Amino acid sequence: MCRSRIFAILIIFFSSNSYSALDIDNVFKLISENSVKTLGFIETHSETLFTKEVKVTGRVAFSENGSMSKYIETPSKSEVHIIGDTLSLIDNKGVKSVSLDNYPALSSGINAVRWILLGEKNKILNNYSINYSLKDDYWTINLKPIKKQELLQVLSISIKGKFGNIGLITLLKANGSSIRTTFISLKK
């Protein structure tokens, strides 16, 4: 009799925690409601065969229509603007633009982030398998491309955060290199 009471108390205790309130649908909703803003970032590109680790810092802005802008402060000043499927780089050499359709790895990472920020879970499901986990109020969304062309370039994308705030995005490329981006709130 005593064991069954303890078991019942444990069931009530564990079923009433915050896990049910932060299911993946709620996390997508919270992120999309909180996504139109400017954040600071520190991005680390892992060491490759020919280069040492590279750190990039600056700020990133996202708008409600899905456009993103990155203002890079270090190692050298430049800007990256993504509007639709066009990525434009502005630096001291001028402006260069490319279509994301020609760069599957780049497109995969950008679109995954863009769709999460817009709360477009169906677009994510059409392009990635999703593994979602939650510990306390911290969640992790792991994405694995389901299209062979993208999987040859990108092994996985991991997005970590709390409530509606993304704190870390890690993109693991098929060649073993990675890009790890940490986001920081800017003081007003």
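Predicted model: local features only at pLDDT ≥ 70, side-chain atom pairs only at ≥ 80, totals over all residues.

Analyst: Happy to. Apart from neighbours within four places in sequence, Ser 78 is in contact with Lys 70, Tyr 71, Ile 72, Leu 89, Ile 90 and Asp 91.

User: Where does Ser 78 sit, and is Ser 78 buried or exposed?

Analyst: Ser 78 belongs to strand β4. Its relative accessible area is 13%, so Ser 78 is buried, the cut-off being under 20%.

User: How do β3 and β4 pair?

Analyst: They are antiparallel, with five bridges between them. One of the pairings has Lys 70 with Val 80 of β4 as its bridge partner. A hairpin of three residues links β3 to β4.

User: And what about β4 and β5?

Analyst: Five bridges there, again in the antiparallel sense. Ile 82 faces Leu 87 of β5. The hairpin between β4 and β5 has two residues between the strands, and Gly 84 takes a positive phi near 65° in it.

User: Zooming out, how many strands are in the sheet, and in what order?

Analyst: There are 11 strands in an open sheet, ordered β6-β5-β4-β3-β2-β1-β11-β10-β9-β8-β7, with antiparallel pairing. The edges are β6 (94-99) and β7 (128-135); each has a single partner strand, so one side of each has no neighbour in the sheet. On average, neighbouring strands are turned by 20° against each other, ignoring direction.

User: Which helices touch the sheet?

Analyst: Two to look at here are α2 and α3. Helix α2 (residues 24-33) packs on the sheet and touches β7, β8 and β10, its direction making about 95° with that of β8. Helix α3 lies across β2, β3, β4, β5, β7, β8, β9 and β10, and runs at about 30° to β9.

User: You mentioned β8 and β9. How many bridges join them?

Analyst: Six, between β8 (residues 138-145) and β9 (residues 154-162), and the two strands run antiparallel. In this pair, Asn 142 stands opposite Ser 158 of β9.

User: Back to α3. What is Ile 110 in contact with?

Analyst: Ile 110 lies in α3. Leaving out neighbours within four places in sequence, Ile 110 is in contact with Met 68, Ile 82, Leu 87 and Leu 100. Ile 82 is 28 residues away along the chain, yet its C-alpha atom is 8.7 Å from that of Ile 110.

User: Buried or exposed, that Ile 110?

Analyst: Buried: its relative accessibility is 9%, and the cut-off for buried is under 20%.

User: Changing topic, what lines the largest pocket?

Analyst: Its lining has 45 residues, and Glu 43, Lys 70, Ile 110, Ile 179 and Thr 181 lie nearest the centre. The pocket holds about 1200 Å³ of space. Elements that each supply at least two lining residues include β1 (38-45), β3 (68-74), α3 (104-118) and β11 (178-185).

User: What classes of residue make up that lining?

Analyst: The lining of the largest pocket has 26 nonpolar, 13 polar and six charged residues.

User: And the second largest pocket, what is its volume?

Analyst: About 180 Å³. Among the residues that line the second largest pocket are Asp 85, Leu 100, Tyr 103, Asn 127 and Lys 147. Helix α3 gives the largest share of this lining, three residues, while α3 and α5 (148-151) each supply at least two. By class, the lining divides into three nonpolar, four polar and four charged residues.

Methods
Residues numbered from 1 in each chain as written. Heavy atoms only, no water. 1 Å grid on protein atoms, 1.4 Å probe; cavity = no way out; pocket = protein on both sides within 12 Å on 5 of 7 lines; lining within 4 Å. Points joined across faces, edges and corners; volume = space filled by probe spheres on them. Helix = DSSP H or I, 4+ residues; strand = E, 2+ residues; numbered from the N terminus. Nonpolar A, V, L, I, M, F, W, Y, C, P; charged D, E, K, R; others polar. Pairing = 2+ DSSP bridges. Axes fitted to C-alpha atoms, helices over the stretch in contact; angles between N-to-C directions. Contact = heavy atoms within 4.5 Å. Buried < 20%, exposed > 50% of the residue type's maximum accessible area, 1.4 Å probe, protein only.
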